[in-house]
Amino acid sequence: WVKVSSKHWSQWAKTNITCVQSYRTEQNSTGGAAYQAKGMGEKELPGVLICEIGGAFGVLESHVEFLKKHFNLITLREFHRNKDELCEKIKSIFVFECRPLIDRELLESLPSLKVVANSGVGVNHLDLKLISSFGVKVTNTPHAVSDSTADIGMALMLASARRLVEGCHIATSPDTTHFAVDWLGVEVTRATLGIIGMGSIGYKVAKRAKAFDMNILYHNRNRRKEEEEQAVGATYCRNIEDLLQESDFVMLVVNLTPETHKLIGKRELQLMKPTATLINICRGAVVDQDALVEALKNGVIKAAALDVTHPEPLPRDHPLLQLKNVIITPHIGTATVQALLMMTEEAVENIQAVLNDLPIPSEVIPQ
Ligand SMILES: O=C(O)[C@H](O)CO
């Protein structure tokens, strides 16, 4: 089965797509009969190139059965072993994080390629102009990732405010004989949160922060509708400077583009309060890391909590890894059972939409 957004359902239902018919089978028995009558099960499934099955950048083993109902999965290794036979069959590439690498050589070797389906929202690892010059579309999965990534933003903010990692070390250290700590955390409740980037993830952060009675500021290229602002109690800051000066916590939730590369540098850090914390859940390169190290060492800001760095992982001798006022997690914004399943489902919907000339739920258009 595959989840197809209800607004696109009627168009999907008119087609002969195997997955849609089997989805209907689960919903009502008439759908199952239609599936049989059209004989769709006999059609050759479109070829999808994947990096591998399992491993850090491969398709999850638990998703393979589902994917195989829709596609003929071809791993990169199989492709390289049998290029001549497989190159015509591959209609789509399923990209997870930055694998497989999509370069000119790969694109030139796939004449039937129609879509590069990125599993995840960030597409900074893809050369959009190059891909589109081959007439190939790019899609991503913004809906699937928004809850889990917003959760990580909240988790990092709370962990940093309450010094959870330090507390954990004390509680688990073999040297600990009693639980006296010589420091205090701060509360996020009623503090000011500045969200930079108010797309679907930023907005979900705001929803969560509202439940903590936080005072919410946001900066975004486009201002949200008034009713959306009111629903989460967020105030728009046209100038990023105002947000930086007023916030106790600044959370970065933008896409990495040439415009947002090193968006937070020395000047921006100096505008922040010395008691403020920077939280980054988007991409490491949005922050000038050298400037951040200096700011953290010299008390320009209080702390940082980063789910993303540049590069990933940081070299083991990187100064950010030596600082006590920094929490770093290994880019786990979408690392949940639910998010990964939804990312796969959303990618399948995107691929099927492109291959069947249907409205594409999440197409990424090169600027
Ligand atoms: O871009 C995203 O959705 C996450 O960072 C996972 O890559």
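By class, the shell around the ligand comprises two nonpolar, four polar and two charged residues. In that scheme, Ala, Val, Leu, Ile, Met, Phe, Trp, Tyr, Cys and Pro count as nonpolar, Asp, Glu, Lys and Arg as charged, and the others, Gly among them, as polar. Before I continue, please note that this is a predicted model, in which local features need pLDDT of at least 70 and side-chain atom pairs count only at pLDDT 80 or more, while totals for chains, interfaces and linings use all residues. Residues are numbered from 1 along each chain as its sequence is written, and side-chain values use heavy atoms, with hydrogens and water left out.

Let me name the shell. Glu97, Gly120, Val121, Gly122, Val145, Arg283, His331 and Thr334 surround the ligand; a residue is near a molecule or strand if one of its heavy atoms lies within 4 Å of it.

The ligand taken alone exposes 230 Å², of which the protein buries 92%. Accessible areas come from the Shrake-Rupley method with a 1.4 Å probe; for residues, only the protein chains shown count as cover.

I turn to a helix pair. Helix α4, residues 61-70, packs with helix α16, residues 337-355, at an angle of about 10°, and their axes are 11 Å apart. Axes are lines fitted to C-alpha atoms, for helices over the stretch in contact, and angles run from 0 to 180 degrees between N-to-C directions. Helices (H or I, at least four residues) and strands (E, at least two) are DSSP runs, numbered from the N terminus. The packing angle therefore makes α4 roughly parallel to α16, a term for angles under 35 degrees. From α4, the contact (heavy atoms within 4.5 Å) draws on His63, Phe66, Leu67 and His70, and from α16 on Leu340, Leu341, Thr344, Glu345, Val348 and Gln352. By class, this contact has five nonpolar, four polar and one charged residues.

Next, the loops. Between β11 (303-306) and β12 (326-328) lies Pro311, joined to His310 by a cis peptide bond with omega about 0°. Pro313 is placed in the loop between β11 and β12, and a cis peptide bond with omega about -10° joins Glu312 to Pro313. In the loop between α11 (200-211) and β7 (215-219) we find Asp213, a residue other than glycine with a positive phi, near 55°.

Asp248, in the loop between α13 (240-246) and β9 (249-252), has a polar side-chain atom 2.8 Å from the backbone nitrogen of Thr192. Arg224 sits in the loop between β7 and α12 (226-232), and its side chain reaches the backbone oxygen of Gly199 at 3.2 Å.

Terms used:
Angles under 35 degrees count as roughly parallel, over 145 as roughly antiparallel, 65 to 115 as roughly perpendicular and the rest as oblique. A polar contact is a pair of N or O atoms within 3.5 Å; within protein, one must be able to donate a hydrogen and the other to accept it, and residues adjacent in sequence count only if both atoms are side-chain atoms.
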